[in-house]
Amino acid sequence: MLKGTIPIAGSDDGRVAAILEENGLNLAVGEARRVVELLGRDPTIVELTIFNTMWSEHCSYKSSRRLLGELLPTKAPNVVLGPGEDAGVIRYAEAEGGDWHCLVIAHESHNHPSQVLPVEGAATGIGGIVRDVYCMGADVVGVLDPLRFGDPAGPNARQVISIARGVVDGIAQYGNPLGVPNLGGDIAFDPRFDENCLVNVVAVGTVLESRVLRSRVPEEAARMPYRIVLIGKPTDDSGFGGAAFASEDLVDGEQANRGAVQVPDPFLKRVLTVATRRVLELAREKKYVIGFKDLGAGGIACVTSELAHAGGFGVIIDLDAVNTAMGYAFPPAVVSCSETQERYALAVPEEFVPDVLRVYNEEFELPRLYHGAGAVVIAEVTRDRMYRIESGGEAVCETPVDVITTGISYDRPSKARRPAIKDPPLQPGRPLRDDFLKILGSPNIASKNYVFKHYDSEVQGRAVLRPGEADAGVIAPLPGRAVGLAFSVDGNPWYGAIDPYQGGALAVCEAARNVAAVGAVPSAITDCLNYGNPEVPEVFWEFTEGVRGIGDACRGIGLISHEGHPLPVVSGNVSFYNQGARGKAIPPSPIVCCVGVVEDYSRCRSLAFKEEGDEVFLVGEPLAELGGSEYLRTVYGAEGASVPKADFVRERGQIRAVLEMHRRGWVRACHDISQGGLLTAVAEMALGPAGEGSLGLAIEASNLSAAGLGAETVLFSETGGFVVEVGPGIERDLLAVCAHNRVQLRRLGVLRKGGRLVVTAADAILASWSLDELRGIYLTACRPIFGAGKGA
């Protein structure tokens, strides 16, 4: 009989609710009673704390698991490991001896911590996501960070700007010292993020398929004794309750929640990474099979139970063996579930333990590097599938491991939301010149170059195209080989607010277009699904529609390198309860990361115009789809209703056509059409990422729409497409490629010196801008938000 059990079974619901509140637990009363049913007795406080963590939305996916499994395609010929591990793994290039070079990718959110403590929240978001990739046996080669903030000019501007600056600083303060390059990201501002920012993070790494590690106790533990070794910082109470904190609404007066935010240490992480590489080398040399997993949500309890359960084993944990900060005797529940950063767990053969301890504690001197840090044996793997935690010589948790990890599931009610919105009537004769200057100066359109300068994109020496230089970041992962990897993150919250299905589908379409724009074949995606409270039927409907849109887009666009297969979803995250104290949820915000593979990275091209005399073409056709556009929001103060409709046949055809143009070496610059529309895309190409452009273009708007749309719709519709610069004299070849793929091609004009962007209709000039004028607005509009004046 365990001592110190909590009286749940014999208490009425009111008393149970009080007990949960007294102990800082977010379990529902019904969930606490379910714990009693599973255990067959009242639980200890340690057990209740473990279930509180393991049954949180963050860990259990209790509201989303069924839908994700039903709607998202996760298998394809290039997939090694899909969702279920700490990170997804895909093959991208053949290696010697029949092996494969693989990409490892993980995608997470750190939204609530970043709203409360922006620097620490963002930094630990990067810290956690790189651990997910490291523990698959990979070398981390980059991170990306899609961010969403409130209105920097609204009534909460001071707080919004403070959070935005803190998040950017946190990302830089962790990634730069760690020596991991930033490969890209995107930023959006909207007042509906005032109370709940979004900080999504992606990490990518490379590894040989034969060296991929699993997050499980190996089957060899059935034949020889295995131990679990805890590595890294001493355990403290930082981050205690972090998973539960991420699974509840944010409230005013966040002081009570600050302890749920972890404390980062990138310098210790760097040493841990190098030391771990040495341990993995030793394991390969001695032919030991090991399990490897990082400590994130739920700490020791989560990592040990998941390692054991995945391998089909049990475990006995000795909390007295855990190294704690300053040797402090934290309560067993804290030691079990604290989310102290910079920690890993290794499941290794008992006879390999001395080598593991020697590498960390002696060769790399962790105890001297950081007081209390080190590698210690904390658990014994057993074959009885029981999960037991001991403290002070007594059991504080004892149950079959399956009970800990099985989790719970809810079938949430869903109710369609039909907003009473419509497209505003367009005003004939509006000043196109002034309207476009407003759009280019919007924080959602203006250059984020100042933000990118915070991050080190050159470290590791793999950069081909850096953040802001193209629609996707590109790296050369294999020294001496031409293969390249391209990455893009995308998601449009304004589409999701109007039509949640299109919000999900179009996030996939844009991310896939962006990697195609640099010549890479879309090969896999990850997703981070950011929504409000799933217990609200309208919110759960939004979530369902968004996931359905992502799944349909993946099947509709398909895996171009393997006909007949979907573009696979290999990793991801669900982030619910993104809303503030007033109960206002964020707009539905699915964010997608697409990875593309390019055979020869020397053919990748940036978005900046290159040569006078080159011709510029539009692949695609603008449609009457201004809903959710930057044009309507900035000029009319409206959202509209007619969001772009995802046409998967058209998207696939456009992507294939542009990839063929790249393959033939025709493309000199390429940019996808999305936020801000065609005119914004052309202006960004003319200016270049750093504003150094000098080539102008005259666009005849009346020739760009078969439907005879007005100039404003043609120029600002966000229907997907591409703007492509090619050398002169190959229009017929381009037409043949587009006809083969059944997509439209229209000539925009010829690049000229003189530095002007001109729009005409029926040979009459509608508007004209000098590049100097555009440059002054585009490069400076976001700088005050992130801490630099206009002269910076």
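## Two domains

Domain bounds here come from an automatic or database domain assignment. On that basis the chain is divided into domain 1, residues 57–404, and domain 2, residues 432–786. The model is a predicted one.

The C-alpha centres of domain 1 and domain 2 lie 33 Å apart. The contact between them takes 78 residues from domain 1 and 77 residues from domain 2.

## The nonpolar cores

The largest nonpolar core has 91 residues. Those that touch the most other members are Leu 103, Phe 487, Val 508, Ile 525, Phe 543 and Phe 722. Helix H19, which covers residues 500–517, gives the most to this core, with 11 residues. Both domain 1 (57–404) and domain 2 (432–786) give residues to the core, so it lies between them. As a general point, nonpolar side chains in soluble globular proteins tend to be buried together.

What is Phe 543 in contact with, leaving aside its neighbours within four places in sequence? Its contacts are Ser 64, Leu 67, Leu 68, Leu 529, Tyr 531, Val 574 and Phe 576.

Two or more lining residues come from each of strand E2 (88–94), strand E19 (521–530), strand E21 (589–598) and helix H22 (648–663). H22 gives the most to this lining, with five residues.

By class, the lining of the second largest pocket divides into 12 nonpolar, six polar and nine charged residues. Domain 1 (57–404) and domain 2 (432–786) each supply at least three residues to the lining of this pocket.

## Cavities

How many cavities of 30 Å³ or more does the structure hold? There are five cavities of that volume. The second largest cavity contains about 50 Å³ of space.

The residues that line the second largest cavity are Leu 618, Val 619, Gly 620, Glu 621, Pro 622, Ile 673, Leu 678, Val 714, Ser 717, Thr 719, Gly 720 and Gly 721. In this lining, six residues are nonpolar, five are polar and one is charged.

## Helix H23

Leu 678 lines the second largest cavity and is also one of the buried residues of helix H23. H23 runs over residues 677–687 and is mostly covered, with 11 of its 11 residues buried. Glu 684 and Thr 680 are included among these buried residues, as are Leu 679, Val 682 and Met 685. Just after H23, Gly 688 takes a positive phi of about 80°.

## Positive phi in two loops

Most residues other than glycine have a negative phi. Met 326 is not a glycine, yet it has a positive phi of about 60°. Met 326 lies in the loop between strand E11 (314–318) and helix H12 (332–337). Met 326 has a relative accessible area of 69%, so it counts as exposed, a term used here for values over 50%.

Arg 385 is another residue other than glycine with a positive phi, near 60°. Arg 385 sits in the loop between strand E13 (374–382) and strand E14 (386–391). With a relative accessible area of 29%, Arg 385 is partly exposed.

Is Leu 25 buried or exposed? Leu 25 has a relative accessible area of 9%, and buried means under 20%, so Leu 25 is buried. Leu 25 is found in the loop between helix H1 (13–22) and helix H2 (29–39). Not counting residues up to four places away in sequence, Leu 25 touches Leu 20, Ile 45, Leu 48, Thr 49 and Asn 52. The C-alpha atoms of Leu 25 and Gly 296 are separated by 18 Å, and these two residues are 271 residues apart along the chain.

Arg 284 belongs to helix H10, residues 266–285. Arg 284 is partly exposed, with a relative accessible area of 36%. Arg 284 and Gly 628 are 344 residues apart along the chain, and their C-alpha atoms are separated by 53 Å.

Note on methods
Residues numbered from 1 in each chain as written. Predicted model: local features only at pLDDT ≥ 70, side-chain atom pairs only at ≥ 80, totals over all residues. Heavy atoms only, no water. Core = buried A, V, L, I, M, F, W, Y, C linked by side-chain atoms within 4.5 Å. Buried < 20%, exposed > 50% of the residue type's maximum accessible area, 1.4 Å probe, protein only. Helix = DSSP H or I, 4+ residues; strand = E, 2+ residues; numbered from the N terminus. Contact = heavy atoms within 4.5 Å. Nonpolar A, V, L, I, M, F, W, Y, C, P; charged D, E, K, R; others polar. 1 Å grid on protein atoms, 1.4 Å probe; cavity = no way out; pocket = protein on both sides within 12 Å on 5 of 7 lines; lining within 4 Å. Points joined across faces, edges and corners; volume = space filled by probe spheres on them.
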